[in-house]
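Let's take a walk through this protein together. Have the sequence and the 3D view ready, and we'll go from the inside out.

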Amino acid sequence: MTAQIIDGKALSAQLRTEVAARAAALKAKSGITPGLAVILVGDNQASQVYVRNKVKACEEAGFHSVLEKYDAAMTEAELLARVEALNNDPTIHGILVQLPLPKHIDDHKVIETISPAKDVDGFHVASAGALMVGEVGFKACTPYGCMRMLESIGMKDLRGKHAVVIGRSNIVGKPMAMMLLAANATVTITHSGTADLGAMTRQADVVVAAVGKRNVLTRDMVKPGAVVIDVGMNRDDDGKLCGDVDYEGVRQVAGWITPVPGGVGPMTITMLLVNTMESAERAANA
Ligand SMILES: Nc1nc(=O)c2c([nH]1)NC[C@@H]1CN(c3ccc(C(=O)N[C@@H](CCC(=O)O)C(=O)O)cc3)C=[N+]21
Ligand SMILES: [Mg+2]
């Protein structure tokens, strides 16, 4: 038996159609068009591609989108001033400052300047805190997308399940663990300081790999039938996009697996649209 595939592209298409319908309904009812502003500083090649995909996804959903591109020499003060201007712009419901930023700019300072009401990335301390205590706030898009993938295979409630997260970043590992916990899973967070990773993952009903390194999870580390979610975005020796999971090996034992590309990546962009939609609806009801 080989694993069934959780198709992030297909699920994204379905969810984006729903978002487009919500956007049209909001516009008809209140005259408000959801608006996303994306700021890109510098000329990082990968960032250019991602940002273009985000703007394209917005347009397809009927959103208003603004892409602001700046030279790598932009000062931190100039960037903070742009974020503040967008905070005060009523046509904008979501602000995304593409990371990484040039070294001379303090990412944390920039993120904390974004109004939590427009923090559709879910990176602000207020958004992370809201997730931790179960308050209303924007959820980080990548882990949020992983939760929607689990929901799509009937795993919305994870009571009685053991979820093992590999990685403890602020943008994926930690919020992922919080969301799994909120879904009633028993959660283990593993990382570079974990003594025996395989001993942990072999107990898991759900494994989320979010390290940024190839072949972190191999078939001998997976319990037969487990759900494997691959957040990784790496390049193999031929320059092809690949995840953190040894896909060919792991699919021989897993019950479900997400591919790279076509898995978590498209879902990340979809949840950005969902958060921006939500923000526009909140603004309309305010
Ligand atoms: N403030 C901020 N927010 C982010 O959400 C953010 C960021 N900065 N910086 C960079 C990372 C990366 N990221 C991706 C999203 C979608 C795909 C995606 O759609 N990937 C496609 C493949 C794309 C390709 O072919 O290269 C897939 O997996 O199928 C990839 C990467 C968002 N990021
Ligand atoms: Mg920095």
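**Starting from the core**

The largest nonpolar core has 85 residues, and the ones that touch the most other members are Val206, Val207, Val208, Ala209, Leu217 and Val228. A nonpolar core here is a set of buried Ala, Val, Leu, Ile, Met, Phe, Trp, Tyr and Cys residues joined through C-beta atoms within 7 Å. Buried means that 20 or more other C-beta atoms lie within 10 Å of a residue's own; with 12 or fewer it is exposed, and in between it is partly exposed, with C-beta atoms placed from the backbone. Helix H10 (residues 264-285) gives this core its largest share, 9 residues. Domain 1 (30-117) and domain 2 (141-264) both contribute residues, so the core lies between them; the domain bounds come from an automatic or database domain assignment.

Before going on, a word on what you're looking at. This is a predicted model, where local features need pLDDT of at least 70 and side-chain atom pairs count only at pLDDT 80 or more, while totals for chains, interfaces and linings use all residues. Residues are numbered from 1 along each chain as its sequence is written, and chains are lettered from A and ligands numbered from 1 in the order in which they are written.

Now zoom in on Val208. Leaving aside residues up to four places away in sequence, Val208 touches Cys146, Val165, Ile166, Met176, Ile229 and Val231. A contact means that the C-beta atoms of two residues, placed from the backbone, lie within 7 Å.

Next, the backbone. Most residues other than glycine have a negative phi, and most peptide bonds are trans. Leu99 and Pro100, though, are joined by a cis peptide bond, with omega about 0 degrees. Pro100 sits in the loop between strand S4 (94-97) and helix H4 (107-113); helices (H or I, at least four residues) and strands (E, at least two) are DSSP runs, numbered from the N terminus. The bond from Val260 to Pro261 is cis too, with omega near 0 degrees, and Pro261 is in the loop between strand S11 (256-257) and H10.

Which phi does Asn184 have, positive or negative? It's positive, at about 80 degrees, although Asn184 is not a glycine. You'll find Asn184 in the loop between helix H7 (173-182) and strand S6 (186-190), partly exposed, with 14 other C-beta atoms within 10 Å. Asn215, also not a glycine, has a positive phi of about 55 degrees. Asn215 is in the loop between strand S7 (206-209) and strand S8 (227-230).
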